[in-house]
Amino acid sequence: MYINKKGRISQKIIYIFENYRLTMDLFDKCGSFTLLNEIRKEGIYPYFQMLTSGQDTEVMMNGQRTIMIGSNNYLGLTSHPDVIKAGVEALQKYGSGCSGSRFLNGTLDQHVMLEEELAEFLNKEAVMTFSTGFQSNLGIISAICGRNDVIIGDKENHASIYDACRLSYAKLLRYNHSDMEDLERQLQSVGDDKGKLIVTDGVFSMSGDICKLPEIVALAKKYNARIMVDDAHALGVLGKHGRGTAEYFDLEDDVDIYMGTFSKSLASLGGYMAGKKEVVDYVKHTSRPFIFSASITPASVACARAALKILREHPERKDALLDISNYMREKLKSLGVKIVEIDNTPIIPIYTYDAKKTFIACKMLAERGVYTNPAVPPSTPEGMSLIRTSYTATHTREQMDEAALKIKEVLDIVENMEI
């Protein structure tokens with residue numbers, strides 16, 4: 001018995017507990033993480049596949065030609081000669097890096113010009129840039145929100161938003177994905193003495209669906225909340241000019257903060273915040289992830305500027321992206337592949353529901369020369385594993401026909417497997 005007659009825990013159980021705590025090793029969790037070895041043993045480990053070519057519609061992977069439908073190179077600009085030339089010239093002029101933060105020695109004229117050009121393009125007063133997209137969310141939200149504030153976020157927001165909320169010390173309330181009734185319930189629970197930020201992905205990276213921005217704007221006005229939209233997968237994709245989710249819904253004046261990345265449509269590396277000048281200036285001087293990080297490398301800045309110039313001057317690339325994405329949707333449906341009916345984004349999820357089946361399907365597709373992304377929990381909700389496919393403006397219909405037939409072939413095999 002571990003409870004004595006007086007109802008107190010016996011010394012024996014206290015000793016066992018203390019001894020257990022004393023012998024606990026920090027790395028015990030690493031050895032007990034057995035899932036990796038299990039899927040490696042079965043030959044279906046899908047991660048860290050090595051490319052031996054540049055990122056394009058077709059790549060060399062594992063020694064074979066592979067149709068790439070698993071990247072975020074939406075406008076096909078990673079191989080554009082103007083983008084490459086800009087990066088090379090910046091490398092030659094400025095060297096390989098800035099070796100310091102923007103606060104100190106790390107601000108180049110290139111950084112300032114990129115921010116000015118992006119602010120003009122997005123119709124916002126000011127823009128500031130971060131070294132990565134993930135860091136952008138960390139830096140914005142942790143600076144804007146504090147202990148007396150409440151963040152209300154979509155449950156399927158990107159992982160960087162969740163980490164940013166933790167760093168901010170603000171209270172986080174989550175609403176069911178795109179459920180506006182649930183969002184209103186969460187807003188109603190927050191007192192008027194709290195600052196409120198509604199944060200949502202513009203285009204959700206796994207499912208490819210678009211947030212319900214008109215309804216979010218209406219609720220924000222009703223409950224005196226601010227709005228931040230993560231446009232990582234919307235810049236260069238949505239809106240007449242490719243400005244993103246707010247332009248798509250004609251609500252550009254109603255979104256307080258845009259966040260976005262350079263690693264997708266703009267074919268580079270880094271991220272940004274766009275908003276009112278006083279808000280951007282505040283974040284510039286209070287955001288620890290910004291202040292204590294080295295600035296974006298000169299070549300990355302130059303590539304992003306060149307890609308932005310192409311986006312502004314050639315909106316037909318955005319149209320080509322949606323054309324090829326919608327062509328693939330129709331092709332998959334014609335073959336009997338079940339997909340979610342979402343138009344106007346370059347992300348097509350194919351639900352496999354089971355994580356192991358997802359790994360097997362992606363492995364079989366890779367062997368057949370088609371690269372896709374396995375998306376399993378925690379990237380997706382439990383029981384909602386999927387094959388994430390995404391498309392590029394420069395894909396051809398012949399590539400799509402080939403990939404679609406192989407997807408159909410693999411799914412027919414996997415669906416009949418007993419796992």
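Predicted model: local features only at pLDDT ≥ 70, side-chain atom pairs only at ≥ 80, totals over all residues.

User: Why is cysteine 211 called buried?

Analyst: Buried means under 20% relative accessible area, exposed means over 50%, and partly exposed lies in between (1.4 Å probe, protein chains only). Cysteine 211 has 2% relative accessibility and therefore counts as buried.

User: Which term, buried or exposed, applies to leucine 219, and why?

Analyst: Leucine 219 has a relative accessibility of 10%, so it counts as buried. Its place is in helix H9; helices (H or I, at least four residues) and strands (E, at least two) are DSSP runs, numbered from the N terminus. Leucine 219 lies 35 residues from glutamate 184 in sequence, and their C-alpha atoms are 6.8 Å apart in space.

User: Why is strand E9 said to be largely enclosed by the rest of the structure?

Analyst: Strand E9 (residues 271-275) has 5 of its 5 residues buried, and therefore it is largely enclosed. In a regular strand the side chains alternate between the two faces of the sheet. In E9, Gly271, Met273 and Gly275 lie on one side, Tyr272 and Ala274 lie on the other, and all are buried.

User: What makes E9 a paired strand, and with which strand does it share 5 bridges?

Analyst: Two strands pair if DSSP finds at least two bridges between them. Strand E3 (residues 126-130) is joined to E9 by 5 bridges, and the two run antiparallel. Glycine 275 in E9 is the bridge partner of alanine 126. E8 also pairs with E9 in the antiparallel sense, over 4 bridges, and there tyrosine 258 has alanine 274 as its partner.

User: How do you know that E4 is mostly covered, and which strands does it join?

Analyst: In E4, 6 of its 6 residues are buried. Asp149, Ile151 and Gly153 point one way, Val150, Ile152 and Asp154 point the other way, and all are buried. E4 runs parallel to E6, with 5 bridges between them, and glycine 153 stands opposite valine 199 in E6. A further 5 bridges join E4 to strand E5 (residues 171-175), also in the parallel sense, where isoleucine 151 stands opposite leucine 172. From E4 the chain crosses through H7 to E5 in a right-handed β-α-β crossover; the term applies if, with the strands pointing away from the viewer, the path from the first strand over the helix to the second runs clockwise.

User: What makes a space a cavity or a pocket, and how many cavities of 30 Å³ or more are there?

Analyst: On a 1 Å grid over the protein atoms alone, a cavity is a set of points where a 1.4 Å probe fits but cannot get out, and a pocket is an open set with protein on both sides within 12 Å along at least five of seven lines; lining residues have an atom within 4 Å of a point. Grid points are joined across faces, edges and corners, and a volume is the space filled by probe spheres set on the points. The search of the whole structure finds 2 cavities of 30 Å³ or more. Residues lining the second largest cavity include Gly153, Asp154, Cys165, Leu172 and Val199. H7 gives the most to this lining, with 3 residues.

User: Which residues lie nearest the centre of the largest pocket, and how is its lining classed?

Analyst: The largest pocket holds about 1200 Å³ of space. Its lining has 49 residues, and His158, Ser205, Met206, His233 and Ser379 lie nearest its centre. H7 gives the most to this lining, with 4 residues. Ala, Val, Leu, Ile, Met, Phe, Trp, Tyr, Cys and Pro count as nonpolar, Asp, Glu, Lys and Arg as charged, and the others, Gly among them, as polar. By these classes the lining has 20 nonpolar, 21 polar and 8 charged residues.

Definitions and conventions
Residues numbered from 1 in each chain as written. Heavy atoms only, no water.
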